[in-house]
Amino acid sequence: MLRPFRRAIAAFDQTLRDIRFEVALPRAALLGLISSLALLTGGCATISPRNVLPQANAGQIDLEGFHNIRFWGDASAPAIEAIVMADAPRTQTQSSPVSNLLAISGGADDGAFGAGLLVGWSDAGTRPAFDLVTGVSSGALIAPFVFLGRERDGQLREIFTKYERKDIYIYNVHGLIDGSALADDTPLAHLIEKYVDAAFLQEIARERAKGRILLIGTTNLDTQRPVLWDMGRIAMSNNRDAISLFRKILLASATLPGVFPPVRIQVRVGGKDYDELHVDGGITRQVFIAPSIFSFVAGNQKPGRTVTKRRLYVIRNGKIDPEWQSVSENVLSITTRSISTLIKNQGIGDLYRIYSITKRDGIDFNLASIPSDFSEARSEPFDPRYMNALFDRGYDLASHTYSWVKSPPGLELTPQARN
C-alpha cells in the first residue's frame, strides 16, 4: 500500500537534488515534472477551491489597508516611478559620492554562498550600506538582513548554516491525497516568523524613511507577471496585518510551485474578497533590478543631493559555468537535467538584461557567483555540511578582497575596456 508513496518520496527527493531548488521553471517543464511525480502517486491530488480575482480586475495593484506597496515588475518606467516616488522622503539633502545597489538571486541552499559572501564582506570592513536591495527566492531571505546592516550578520549566518532540510520542509505524502502539495513548507514559515518580528519591521521602516528601498519579487500565477513589493512601505504602514503580509511575501518568494503550496494574498475589490496566488519570483526573474528606480535611489530627483557614481553588485547564488554530470537514460533524469540546464541559462539571460541596463545608464557592474572549482557534494537538499562549506567559501572570498567580475560570461572586457 505504501510502496507507491515511498517511490514518490524517493523520486521527489532525487528531483530536488537534481534541480537544486533553482526556480524559474518554464510552465511546460514544470508540468512535466509534476506529472511524473503525480503518476507515481496514482494522481490522487486535488486542488482546494479559492475565490479567483476576475480577469477584469487582475490589474488591481493596491491592497486594502495598504497604499503604494507593490507594482508590476514589467510595468512601464513612468508607472513604476509614480508608485515608488509617491510620498517619497524629502528630508535627504546631503551629497553622496556613491550610490550602492545590490541584487541577490535565488538558489535555495546555494543561498549559503551569498550569505557567506556578504558576511565576509562585512567583516572585511568594506561592505557599503546599500540604497537599494532586491531579492528573490533564497535571495529574498537574505535581502532584509543585508538591508539592515552588519548588526544582523549573526542571524544571516545562522539561517544559512544552522538549519537543515527538516527545518525548511517536510514530506507530505498525506497532502498528495488531499491536494495540499508535494511538500509542506510550514517549517520555513515558522523560521520566518522567528526572525521577522515587530522590532525587525520597525528597523525596516526606519531605513525606508531615510529613502532606502528593499524590494522582494514574487510571481502572480494568474497574471503570469512579476510583482515587486516595497517591503519598507509595508513596514511603515500602520496596518495591523503588516507583519503577516511581510512574512507571507518572503515565504511566497521562496515557494517552488507544485512542490510547495502557493501563498494566497487576499485582495478586496468592490466589497468582495478574492485570492491571488503568489509563488517564487524566480519563475519570472531569477535576479532583478528595476531600472526605473535607478535614478530614484541615486538621488537624481532629490534637490540638493548629487551622486557622482553608481555601483551595482549582483550575487548569483549558483554556478555560471557549465557543470558536467553523467545523465541516466530515463525520463526523470533527462527531464530534470534539461530543466536544470534551462534554469542555468535563463539565469545568465537575466544577467545579460541587467548588464545592458547598467551599460546604458553608466552604472558600474559587479558580479559574484559560486566558483566553478567548488566541489562539495550535498547528500540531500539543505545538507548542513554542504551549506556550511559553501558559506565558508563565500566568506573566505569576500574577507580577502573579492575580485568582482565586471561582465556576464561571454562578455568579458578587454584590458583596454577595463581602464
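This report describes the fold, aromatic pairs, salt bridges and helix packing of a predicted model.

## Basis of the description

The model is predicted, and local features need pLDDT of at least 70, side-chain atom pairs count only at pLDDT 80 or more, and totals for chains, interfaces and linings use all residues. Residues are numbered from 1 along each chain as its sequence is written, and side-chain values use heavy atoms, with hydrogens and water left out.

## Overall architecture

The chain contains 15 helices and eleven strands; these are DSSP runs numbered from the N terminus, with helices (H or I) of at least four residues and strands (E) of at least two. Of its 419 residues, 54% count as buried, where buried means under 20% relative accessible area, exposed over 50% and partly exposed in between (1.4 Å probe, protein chains only).

Among contacts in the chain with a separation of 6 or more, 78% are accounted for by residues 24 or more positions apart. A contact here means heavy atoms within 4.5 Å.

## Aromatic pairs and cluster

Rings of Phe, Tyr and Trp (its six-membered ring) are paired if their centres lie within 6.5 Å; planes under 30 degrees apart count as stacked, over 60 as edge-to-face and the rest as tilted. The count by this rule is 14 aromatic pairs. In one of them, the ring centres of Tyr-163 and Tyr-195 are 6.5 Å apart and the planes stand at 80°, so the pair is edge-to-face. Tyr-163 belongs to the loop between helix H6 (153-161) and strand E4 (170-171), whereas Tyr-195 belongs to helix H8 (residues 186-195), so the pair ties together parts that are 32 residues apart in sequence. Both Tyr-163 and Tyr-195 are buried.

The rings of Phe-200 and Phe-246 are likewise edge-to-face, because their centres are 6.4 Å apart and their planes are at 75°. Phe-200 lies in helix H9 (residues 198-209) and Phe-246 in helix H11 (residues 242-253), so this pair ties together parts that are 46 residues apart in sequence. Phe-200 and Phe-246 are both buried. Elsewhere, one aromatic cluster is formed by Trp-121, Phe-130, Tyr-313, Tyr-402 and Trp-404.

## Charges over rings

A charge sits over a ring if NZ of Lys or CZ of Arg is within 6 Å of the ring centre and within 35 degrees of the ring normal. The charged end of Arg-157 is placed in this way over Tyr-395, 5.4 Å from the ring centre. For Arg-165, the charged end sits over the ring of Tyr-169, 5.5 Å from its centre.

## Salt bridges

The whole structure holds 24 salt bridges, each being a side-chain nitrogen of Lys or Arg within 4 Å of a carboxyl oxygen of Asp or Glu. Asp-109 is bridged to Arg-378, with the closest N and O atoms 3.0 Å apart. Asp-109 is in the loop between strand E2 (96-104) and helix H4 (111-123), and Arg-378 is in the loop between strand E11 (364-369) and helix H14 (384-399), so the pair ties together parts that are 269 residues apart in sequence. Asp-109 is buried, with a relative accessible area of 2%, and Arg-378 is buried at 15%.

Arg-378 also meets the side chain of Asp-110 in a salt bridge (3.1 Å, N to O). This pair links distant parts of the chain, as Asp-110 is in the loop between E2 and H4 and lies 268 residues from Arg-378. Asp-110 is buried, as is Arg-378. Lys-166 and Asp-167 form another salt bridge (3.7 Å, N to O); Lys-166 is partly exposed, with a relative accessible area of 48%.

Two packed helices are described by the angle between their axes and the distance between the axes. H9 and H11 pack at an angle of about 85°, with their axes 10 Å apart; the axes are lines fitted to C-alpha atoms over the stretch in contact, and angles run from 0 to 180 degrees between N-to-C directions. The two helices H9 and H11 are therefore roughly perpendicular, the class for 65 to 115 degrees, while under 35 counts as roughly parallel, over 145 as roughly antiparallel and the rest as oblique. The contact involves Ala-198, Phe-200, Leu-201 and Ile-204 of H9, together with Ala-242, Ile-243 and Phe-246 of H11.

In H8, the buried residues include Pro-187, Leu-188, Ala-189, Leu-191, Ile-192 and Tyr-195. Their cover includes helix H5 (138-147), H6, E4, strand E5 (183-184), H9 and H11. Asp-167, in the loop between H6 and E4, touches Pro-187, Leu-188 and Leu-191, not counting residues up to four places away in sequence. Asp-167 and Phe-382 are 215 residues apart in sequence and 9.0 Å apart in space, C-alpha to C-alpha.
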